[in-house]
Amino acid sequence: MTTQSLEAKAKALNDELEGLDLAGRLALVAGLDGRAVFTTSLGIEDQVITAAIGSNRLAIDVATLKTGRLFNETVALVDKTEETYGILIKRYHPEKADIEAYVAQYGMNGFYESVEARHACCGVRKLKPLARALEGASYWITGLRRGQSGNRATTPFAEADLERGLIKINPLADWDIETIRAHVAANAIPVNPLHSRGYPSIGCEPCTRAIKPGEPERAGRWWWENDEKRECGLHVAEAASSVIPNASSAA
């Protein structure tokens with residue numbers, strides 16, 4: 001599919017998704033030609049999407065990135081979510097050789113020392129496993145919302161991901177956090193207990209802290225960096241590292 005046709009398809013799909021509720025948006029994507037994959041980080045938004053997929057038995061693959069540095073609470077929630085909705089959440093792990101190469105170059109916790117090292121860590125623990133999770137997919141479903149950060153304020157319901165050659169679907173783009181919480185409570189959706197301890201956005205344990213009153217939802221992610229639009233590269237291409245080490249560079 002050409003860049004122009006992918007963008008045109010995404011625009012038409014965006015317009016169609018806007019008028020539907022969450023279940024309708026997901027059902028529409030599940031019924032399209034091509035494999036649809038939802039990647040969950042087990043955050044509250046993602047749990048809402050997983051619940052909708054599982055409860056409606058939609059033909060959408062669910063995957064998660066087991067980075068090796070997640071909170072124990074996050075790891076435990078994977079099993080609980082599978083049991084609750086009778087679904088399989090496929091785990092994608094970083095390659096051992098990539099981790100060893102990273103540690104040789106930067107150290108185990110080198111991400112604290114430079115933005116380059118942090119992006120490289122996200123590269124081996126998130127971006128490369130994500131590429132495997134999305135292999136052969138036509139649609140990538142995410143839990144992105146406009147209210148999560150200024151960097152995500154214009155998130156559409158559907159957008160062309162030209163780098164990966166697919167369409168990214170953001171079915172909760174127009175949901176605010178109050179709506180999310182009310183939906184979770186009304187439907188008894190299991191969520192990460194860290195949310196009630198001041199962690200609205202949860203990533204890897206060394207890179208996530210609780211936020212302070214009045215801070216944006218994602219202020220606790222990579223808090224030691226100064227860039228207010230900091231991302232890991234999953235959803236913002238320019239944030240991705242250009243120096244992802246590989247096994248051959250570990251000498």
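Okay, housekeeping. What you're looking at is a predicted model, where local features need pLDDT of at least 70 and side-chain atom pairs count only at pLDDT 80 or more, while totals for chains, interfaces and linings use all residues. Residues are numbered from 1 along each chain as its sequence is written, and side-chain values use heavy atoms, with hydrogens and water left out.

So, H3. Helices here are DSSP runs of H or I with at least four residues, strands are runs of E with at least two, and both are numbered from the N terminus. H3 covers residues 44–55, twelve residues, and spans 16 Å from first C-alpha to last, close to the 16 Å expected at 1.5 Å a residue. That expected span is 1.5 Å times one less than the number of residues.

Buried means under 20% relative accessible area, exposed over 50%, and partly exposed in between, with a 1.4 Å probe and protein chains only. Among the buried ones you'll find Glu-45, Asp-46 and Gln-47, along with Ile-44 and Val-48.

What covers them? The cover includes helices H2 (22–30), H4 (72–85) and H7 (177–186), plus strands E1 (35–39), E2 (61–65) and E4 (137–141).

Let's zoom in on H7. The axes of H3 and H7 come within 10 Å and cross at roughly 50°. Those axes are lines fitted to C-alpha atoms over the stretch in contact, with angles running from 0 to 180 degrees between N-to-C directions. On the H3 side, the contact is made by Ile-44, Glu-45 and Val-48; on the H7 side, by Ile-177, Ile-180, Arg-181, His-183 and Val-184. Contact, by the way, means heavy atoms within 4.5 Å.

Last topic: phi angles. Most residues other than glycine have a negative phi. Leu-42, though, has a positive phi of about 70°. Leu-42 sits in the loop between E1 and H3, and at 1% relative accessibility Leu-42 counts as buried.

Ala-188 lies in the segment after H7. Buried or exposed? Exposed, at 63% relative accessibility.

That's my tour, thanks.
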